[in-house]
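Here is a short briefing on one protein model. Look through the structure first, then read the points below beside it.

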Amino acid sequence: MESTEGTNINSYSNSMKQIVLQIPTFIHVYNDGTVERLRNMPRAPPSLNDPATAVSSKDIVFSINPLLAARLYLPKLHATHQKLPVLVYFHGGALCGESAFAEHHHEYCNIVASQANVIIVSVEHRKAPEHYLPAAYDDCWAGLKWAASHANATQNSYVIIEPWLINHGDFSKVFIGGDSSGGNLVHNVAMRAGVEPLPNGVKLHGAYMNHPYFCGSKPIGSEPIEGFEQTLPYMAWGVVYPDAPGGIDNPMVNPMAPGAPSLANLGCSKMFISVAGDDELFRDRAVLYYEAVKASGWKGQVQLFEEKGEQHVYYMFHPHTEKGKRLIKHVADFLTQ
């Protein structure tokens, strides 16, 4: 029998730990059930007076079962009873990473809240693979419903009531917005709002999606023909929704797939979509989505903005550059018009 004397037990255990599912450079899932997220940014705490924007933020729990949290943002008020539009925001991260509390999302929401003068409810949805889709879709819908419940304080059946929304929310102007995979969440929540009512008769006024995540079984436009199934958008869907009916052509990730619900059912009055010119894996699907919305018979107004020579979510990591400021101004203008 071979002796194990001098063997490093930790090294032996680690050698037995194997990746069973992965998106290279993004997420590793191991055979012992642990998950390693390789790109998660550091988290930032909330602040009652952000020094750069004067926006206040705080973290709240809005659902007990399932346990769901959000970070709220309130811009500097100019009157005691001032009413402001409400933006329910969905962060990016391929539906399996990142957080509403990440430092870059926190800075972005501070800037948007300040420039657009809106209250933001930034939803911390559950992540795959611990919670496969449609969990994140349900969580974001729950966040929107919770926000809308504040339109009538006397009939609010929720245990958790938020004074910022009660005192300052203008529920005639409720928006949803998101970036990258958050844009995918926006699409699916907007479709649900077209067929399912929100509390107190609240209507979804607008929806914006920056560089939204869509995919499909066949490459289009600038998407690579060889190695397409190894691209981030394709691989991510297998991680976040492995049992999706229709696979990568499920309408939740491919709204233009045969048999997908009509985009005429989008439950908002206006929409803003942005793309980056050099974003080979996301741009063309978003443009195709924009064109499909226009052709669907939807009664709302949709606009498209493209920044040439930029990559995916450039503004999120460089919000103070000329191009970053321009995109955020487009978002702020959309929220104030």
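The buried residues of helix 5 pack against strand 6, helix 3, strand 8 (169-179), strand 9 (204-210) and helix 7 (283-295). This is a predicted model.

**Helix 5**

- Helix 5 covers residues 181-193, which makes 13 residues.
- From first C-alpha to last, helix 5 reaches 18 Å, close to the 18 Å expected at 1.5 Å a residue.
- How many residues of helix 5 are buried? The count is 12 of the 13, so helix 5 is largely enclosed by the rest of the structure.
- Buried here means under 20% relative accessible area.
- The buried residues of helix 5 include Ser181, Gly182, Gly183 and Asn184. Leu185, Val186, His187 and Asn188 are also among them. Val189, Ala190, Met191 and Ala193 are buried too.

**Helix 7**

- Helix 7 also has 13 residues. Its span from first C-alpha to last is 19 Å, close to the expected 18 Å.
- Among the buried residues of helix 7 are Arg283, Asp284 and Arg285. Ala286, Val287, Tyr289, Tyr290 and Val293 are buried as well.
- What covers the buried residues of helix 7? The cover includes helix 5, strand 9, strand 10 (268-276) and strand 11.

- Strands of a sheet pair through backbone hydrogen bonds, either parallel or antiparallel.
- Strand 5 and strand 7 run antiparallel and are joined by 5 bridges. Alanine 70 has valine 123 of strand 7 as its bridge partner.

**The largest pocket**

- About 510 Å³ of space lies in the largest pocket.
- Its lining has 28 residues. The closest to the pocket centre are Phe26, Arg39, Ser180, His312 and Val313.
- Which elements give two or more residues to the lining? They are helix 2, helix 6 (232-240) and helix 8.
- Helix 6 gives the most, with 3 residues.

- Valine 313 lies in the loop between strand 11 (301-307) and helix 8 (314-317). Its phi is near 45 degrees, a positive value in a residue other than glycine.
- Is valine 313 buried or exposed? Valine 313 is buried, because its relative accessible area is 11% and the cut-off is under 20%.
- Leucine 95 is in the loop between strand 6 (84-90) and helix 2 (103-116). Leucine 95 has a phi near 65 degrees, again positive in a residue other than glycine.
- Leucine 95 counts as buried, because its relative accessibility is 2%.

**Cis peptide bonds**

- Asparagine 65 and proline 66 are joined by a cis peptide bond, with omega about 0 degrees. Proline 66 sits in the loop between strand 4 (56-63) and strand 5 (68-74).
- Alanine 128 and proline 129 are also joined by a cis peptide bond, and here omega is about 5 degrees. Where is proline 129 found? Proline 129 is in the loop between strand 7 (119-124) and helix 3 (135-148).

**Histidine 81**

- Histidine 81 is found in the loop between strand 5 and strand 6.
- Histidine 81 counts as exposed, because its relative accessibility is 66% and exposed means over 50%.
- Leaving aside neighbours within four places in sequence, histidine 81 is in contact with Asn167 and His168.
- Histidine 81 and glycine 169 are 88 residues apart along the chain. Their C-alpha atoms are separated by 9.8 Å.

Definitions and conventions:
Residues numbered from 1 in each chain as written. Predicted model: local features only at pLDDT ≥ 70, side-chain atom pairs only at ≥ 80, totals over all residues. Heavy atoms only, no water. Helix = DSSP H or I, 4+ residues; strand = E, 2+ residues; numbered from the N terminus. Buried < 20%, exposed > 50% of the residue type's maximum accessible area, 1.4 Å probe, protein only. Expected span 1.5 Å × (residues − 1). Contact = heavy atoms within 4.5 Å. Pairing = 2+ DSSP bridges. 1 Å grid on protein atoms, 1.4 Å probe; cavity = no way out; pocket = protein on both sides within 12 Å on 5 of 7 lines; lining within 4 Å. Points joined across faces, edges and corners; volume = space filled by probe spheres on them.
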